[in-house]
Amino acid sequence: MSEKKNVLVLNCGSSSVKYKLYEMPGKTLLAQDYLQQIQRDEYEDTIRGVFETLKQYRIDIISHRVVHGGEAFKHSVIIDDQVKAEIRSLSRFAPLHNPINLKGIEIAQSIYPELKHVAVFDTAFHQTMPPSSYLYALPYEYYEHYGIRKYGFHGTSHRYVMGRAEEMLNRPKEQLRLISCHIGSGVSITAIRYGESFDTSMGMTPLAGLSMGTRSGNIDPGIIPYIEEIEKTDTAGAITILNNKSGLMGVSGVSNDLRDVMEKAEEGHYRSQLALELFTTILHKHIGLYLARLNGVDGIIFTAGVGENSAKVREMVCTGLEFAGVNLDREANRASKGEAFISTEFSPVKVMVIPTNEELVMATDAYELSFQ
């Protein structure tokens with residue numbers, strides 16, 4: 001596969017369109033942009049505008065991000081009518097994302113019907129988890145008949161940094177146990193065992209797991225009817241509070257942006273200090289959980305906006321893990337830019353900062369599928 005092809009990566013979010021155009025297989029980035037604050041009725045004009053902007057380039061294949069692929073998709077696939085029907089049926093698990101992802105696919109197909117279009121799923125990487133990782137302790141028929149289980153997200157990001165860790169450590173992924181920490185506005189941790197996802201923090205939806213920018217992460221489910229009672233709302237209203245008014249925003253009362261919370265914490269703002277401590281403590285605990293699940297670990301990866309850029313968060317998360325062989329080099333941690341080792345030279349567990357590149361994974365998958 002040495003034939004040059006231009007792959008457009010199209011990521012339609014709930015209010016944004018992000019795109020990158022790559023020349024493959026050389027991985028040359030030709031163009032990119034991130035368009036935000038898009039209303040639902042503006043998507044077609046926005047996507048047509050993207051293609052107009054790129055009219056000087058040839059486009060050979062288009063790769064689309066899809067958040068939820070359920071159990072139906074273990075790998076990226078060429079999109080046909082059956083694939084679109086599955087994406088539509090899975091919208092009940094990702095109502096804010098799958099319908100918009102599908103809308104982006106259908107608009108792009110109407111403009112370029114002659115091209116191959118590929119779907120890359122956030123959940124696909126996690127389809128290697130064993131039942132002991134993905135099942136909930138609920139009546140088994142809920143899984144059998146209704147698909148209630150943990151699916152996990154950020155899979156494309158975890159998959160990318162796993163590949164980079166393999167190169168940085170100069171060991172094949174089949175020999176590595178890794179803990180990948182994707183820490184951005186959404187936060188998830190994945191235990192990777194010998195090149196495959198073994199467990200992950202997000203659940204059936206992206207609300208589960210760790211504390212995030214505006215999401216609560218795991219809570220006692222008995223709290224939900226109590227929220228309904230005190231807020232005089234229904235279940236949908238309670239879930240909205242857990243999704244949009246919780247996490248860093250809810251605890252600090254300041255912002256969902258960790259930079260703002262940290263600034264206020266340094267000024268002595270108690271709730272911001274508490275939000276930062278809670279945020280990092282939950283991350284720390286989950287790393288401990290996955291140290292146990294993996295029976296030890298060879299490397300810990302920090303990625304995404306906070307993971308890549310906040311030395312303080314990385315230090316707070318790693319402090320106390322020395323018993324498990326995690327020895328942070330505080331100078332290297334503070335000085336790190338881009339890909340870097342931030343553990344001491346003789347640390348048994350290597351701690352790495354690896355900027356993620358989900359779009360490159362999407363472009364690579366689409367390029368490989370274009371030859372089918």
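Colleague: Which residues does the UniProt annotation "binding site" cover?

Modeller: According to the unreviewed entry, Asn11 and Glu358.

Colleague: What makes them one spot?

Modeller: They span 348 residues in sequence, yet no two of their C-alpha atoms are more than 10.1 Å apart, so they gather at one spot. UniProt positions are in the numbering used here, with shortened feature names, and annotations may be inferred rather than shown by experiment. This is a predicted model, in which local features need pLDDT of at least 70 and side-chain atom pairs pLDDT 80 or more, while totals for chains, interfaces and linings use all residues. Residues are numbered from 1 along each chain as its sequence is written, and side-chain values use heavy atoms, without hydrogens and water.

Colleague: Where is asparagine 11 found?

Modeller: In strand S1, residues 5-12. Strands (E, at least two residues) and helices (H or I, at least four) are DSSP runs numbered from the N terminus.

Colleague: Why is H1 called oblique to H3?

Modeller: The axes of H1 (residues 43-53) and H3 (residues 98-111) come within 10 Å and cross at roughly 50°. That value makes H1 oblique to H3, since under 35 degrees is roughly parallel, over 145 roughly antiparallel, 65 to 115 roughly perpendicular and the rest oblique. Axes are lines fitted to C-alpha atoms, for helices over the stretch in contact, and angles run from 0 to 180 degrees between N-to-C directions.

Colleague: Which residues of H1 and H3 meet?

Modeller: Tyr43, Glu44, Ile47, Arg48 and Phe51 of H1 touch H3 residues including Ile100, Lys103, Gly104 and Ile107; contact means heavy atoms within 4.5 Å. By class, the H1 and H3 contact holds seven nonpolar, two polar and three charged residues. Ala, Val, Leu, Ile, Met, Phe, Trp, Tyr, Cys and Pro count as nonpolar, Asp, Glu, Lys and Arg as charged, and the others, Gly among them, as polar.

Colleague: What makes H7 and H8 a case for another label?

Modeller: The axes of H7 (residues 223-231) and H8 (residues 235-244) come within 9 Å and cross at roughly 105°. That makes H7 roughly perpendicular to H8. The H7 with H8 contact has six nonpolar, one polar and two charged residues.

Colleague: Which peptide bond is cis?

Modeller: The bond joining methionine 24 and proline 25, with omega about 10°. Proline 25 lies in the loop between S2 (16-24) and S3 (28-36).

Colleague: What is the phi of glutamine 37?

Modeller: Positive, about 55°, although glutamine 37 is not a glycine. Most residues other than glycine have a negative phi, and most peptide bonds are trans. Glutamine 37 sits in the loop between S3 and H1.
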